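Here is a walk through some strands, a helix, a pocket and a couple of individual residues. Have the model open alongside as you read.

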Amino acid sequence: MSNIPAELSYTAEHEWVASTEQDGVVRVGITDFAQDALGDVVYAQVPELGSSITANDVVGEVESTKSVSDIYAPVSGEIVARNEGLDGDPALINSDPYGEGWLFEIRLSDAGQLSGLLNAEAYGQQVG
Amino acid sequence: MTEKYTALYAEHEKLGASFTDFGGWQMPLKYGSELAEHHAVRKTAGLFDLSHMGEVWVEGPGAGAFLDYALVGKLSAVVEGKAKYSLICAEDGGIIDDLIVYRRGEEKFLVVPNAGNAVVVAGELAARAEGFDVTVTDASAETSLIAVQGPNAQTILLTLVPEDEHAAVTELKYYASVEVTINGDKLLLARTGYTGEDGFEIFVDNASAAALWQALMAAGEGHELVPAGLACRDSLRLEAGMPLYGNELSREGTPFAAGLGPVVALKSKDGDFVGRASLEAAKESGDGATAGRRLVGLKGLGRRAGRSHYTVMKDGVVVGEVTSGQPSPTLGFPVALAYVDVAYTEPGTALDIDLRGKAEPFEVVALPFYKRER
């Protein structure tokens, strides 16, 4: 049974979205379900700082020994942080998908976008 | 198709395995981290359930001559106690399966086909046996197969073998087999594997399989033995440059294109064998040498890996297709096996793999990617 924290928002593409201390900035990662399905992550490609991304576009990829999975932008906005720790230790995505294994942070182009995401219950039904 | 379960399924469940379908069997994919299992086999030891593999016994005065006819190799020349890698081909030269043949006596051979092909191979062998003085017995359903692979494999195994039989194990050569007492039972032990490491495969009746598995797990304590699933088996065999039926080998491909020309005994066998005429014609046409495509190893110069069915390109033109590929856990760079037009098979040739729209640089390298130090 995979871990689905109640306080986060989710996408159908198995990404989570969390609010941060900064207004209008969200942090994004892949879910516990996704990391388990992928297997041991050996490489994560995340978008460059400052790049503009559009919701539902492919903006990166997570590669494991077994397979590779696209990362979709859960919302539109500008990349204001990327997890540099993944360059040295991509396995953080496996060991701590909701913590140290985060991918990037987005400054939302429109704060209303978050209402379009799934809550934990809805996401849980999808992967259950 | 009904799912099939090996006699060790409950053991895997107890160990928390994630399962995957392989050739109709529910097999352990991994127990924890497939990377950790991979590294354990390279550095210490891994324990595999290979009970999905087939076991077909060929016995009788005509056994050697029959296998020379049914398979592409010269099995009659295999010395008692030794084993040989071979192929069973169709009349048109297409590969039905790759298999290992163990000679267990003057008139007794054990043929081990792949899980997904075991029924077909057993059926083909039975059909081809007409006119030969042999009996073909498919013992796949009653036989389990457990492999211990890795540098510590011998040390672990010896703890379950009586001291007066230790020499039979320590002196056992690669691609050879012997009957020894393991965990109290007289069992067939082979020094074979699919990992590129030293290691053993043990054939055991289903009824004794769980006890042997548990004994091996216990014997492995202190020797860093871990249960290992099919995910790491695939990455291990790929690093070792070994083909996987269904990826590198198929009915559509010939042994020559797969780089397995030396396995086909066109010269050393005088008599006819199934597929001979087609294979002679394929060899004459230069298949895999001067014509068509040949299987090569590709080393990634970046970090992104090529995967099965991805396109291989030279200067934007399609010249091949990947059959297996992933990041190599041991080597730290992406590796792939690919069929490539013969003009581009020389080691050092720069090629690209189309990775979802972007050309990523790879280089043709000699196989295997990984070879253990002896």
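This is a predicted model: local features need pLDDT of at least 70, side-chain atom pairs count only at pLDDT 80 or more; totals for chains, interfaces and linings use all residues.

**A three-stranded sheet in chain B**

Let's start with an open sheet of 3 strands in chain B, ordered β1-β3-β2 and with mixed pairing. Its edges are β1 (4-5) and β2 (18-22) of chain B, each of which pairs on one side only. A helix also packs on this sheet: α8 (residues 230-239) of chain B touches β2 and β3 of chain B, and its direction makes about 70° with that of β3(B). As for the pairing, β2(B) and β3 (residues 25-30) of chain B are antiparallel over 5 bridges. Within that sheet, B:Ser18 sits opposite B:Lys30 of β3(B).

Now pick out B:Trp25, which belongs to strand β3 of chain B. Is B:Trp25 buried or exposed? Its relative accessibility is 13%, so B:Trp25 counts as buried, the cut-off being under 20%. Setting aside neighbours within four places in sequence, B:Trp25 is in contact with B:Lys4, B:Tyr5, B:Thr6, B:Thr20, B:Ser51, B:His52 and B:Ala115. There's also B:Glu3, which is 22 residues from B:Trp25 in sequence, while their C-alpha atoms are 5.7 Å apart in space.

**Enclosed strands in both chains**

β6(A) runs antiparallel to β4 (residues 41-45) of chain A, with 4 bridges joining them, and A:Val41 stands opposite A:Ser64 of β6(A). β6(A) is also antiparallel to β7 (residues 68-72) of chain A, this time through 5 bridges. There A:Val58 faces A:Tyr72 of β7(A) as its opposite number. The link from β6(A) to β7(A) is a hairpin of 3 residues.

In chain B, the strand to find is β10 (residues 143-149). One partner of β10(B) is β4 (residues 45-49) of chain B, antiparallel over 4 bridges, with B:Phe48 opposite B:Ala147. β13(B) is also antiparallel to β10(B), through 7 bridges, and here B:Leu145 stands opposite B:Phe203.

| Strand pair | Bridges |
|---|---|
| β2(B) and β3(B) | 5 bridges |
| β4(A) and β6(A) | 4 bridges |
| β6(A) and β7(A) | 5 bridges |
| β4(B) and β10(B) | 4 bridges |
| β10(B) and β13(B) | 7 bridges |

**A pocket lined by strands**

B:Phe203 turns up again in the second largest pocket. That pocket holds about 260 Å³ of space. Its lining has 15 residues, and those nearest its centre are B:Trp57, B:Leu188, B:Phe203, B:Val204 and B:Asp205. Which strands each supply at least two residues of the lining? They are β8 (108-112), β12 (185-190) and β13 (199-205) of chain B. The largest share, 4 residues, comes from β12(B). By type, the lining divides into 6 nonpolar, 2 polar and 7 charged residues.

**A helix and a loop residue**

Helix α3 (residues 63-70) of chain B has 6 of its 8 residues buried, so α3(B) is largely enclosed by the rest of the structure. The buried ones are B:Ala63, B:Gly64, B:Phe66, B:Leu67, B:Asp68 and B:Ala70. They pack against β5 (56-59), β6 (83-89), β7 (95-105), β8, α4 (118-128) and β9 (135-138) of chain B.

Finally, find B:Glu165 in the loop between α5 (153-158) and α6 (166-170) of chain B. With a relative accessible area of 14%, B:Glu165 is buried. Not counting residues up to four places away in sequence, B:Glu165 touches B:Glu179, B:Val180, B:Thr181 and B:Lys186.

Note on methods. Residues are numbered from 1 along each chain as its sequence is written. Chains are lettered from A and ligands numbered from 1 in the order in which they are written. Side-chain values use heavy atoms; hydrogens and water are left out. Two strands pair if DSSP finds at least two bridges between them. Contact means heavy atoms within 4.5 Å. Axes are lines fitted to C-alpha atoms, for helices over the stretch in contact, and angles run from 0 to 180 degrees between N-to-C directions. On a 1 Å grid over the protein atoms alone, a cavity is a set of points where a 1.4 Å probe fits but cannot get out, and a pocket is an open set with protein on both sides within 12 Å along at least five of seven lines; lining residues have an atom within 4 Å of a point. Grid points are joined across faces, edges and corners, and a volume is the space filled by probe spheres set on the points. Ala, Val, Leu, Ile, Met, Phe, Trp, Tyr, Cys and Pro count as nonpolar, Asp, Glu, Lys and Arg as charged, and the others, Gly among them, as polar. Buried means under 20% relative accessible area, exposed over 50%, partly exposed in between (1.4 Å probe, protein chains only).
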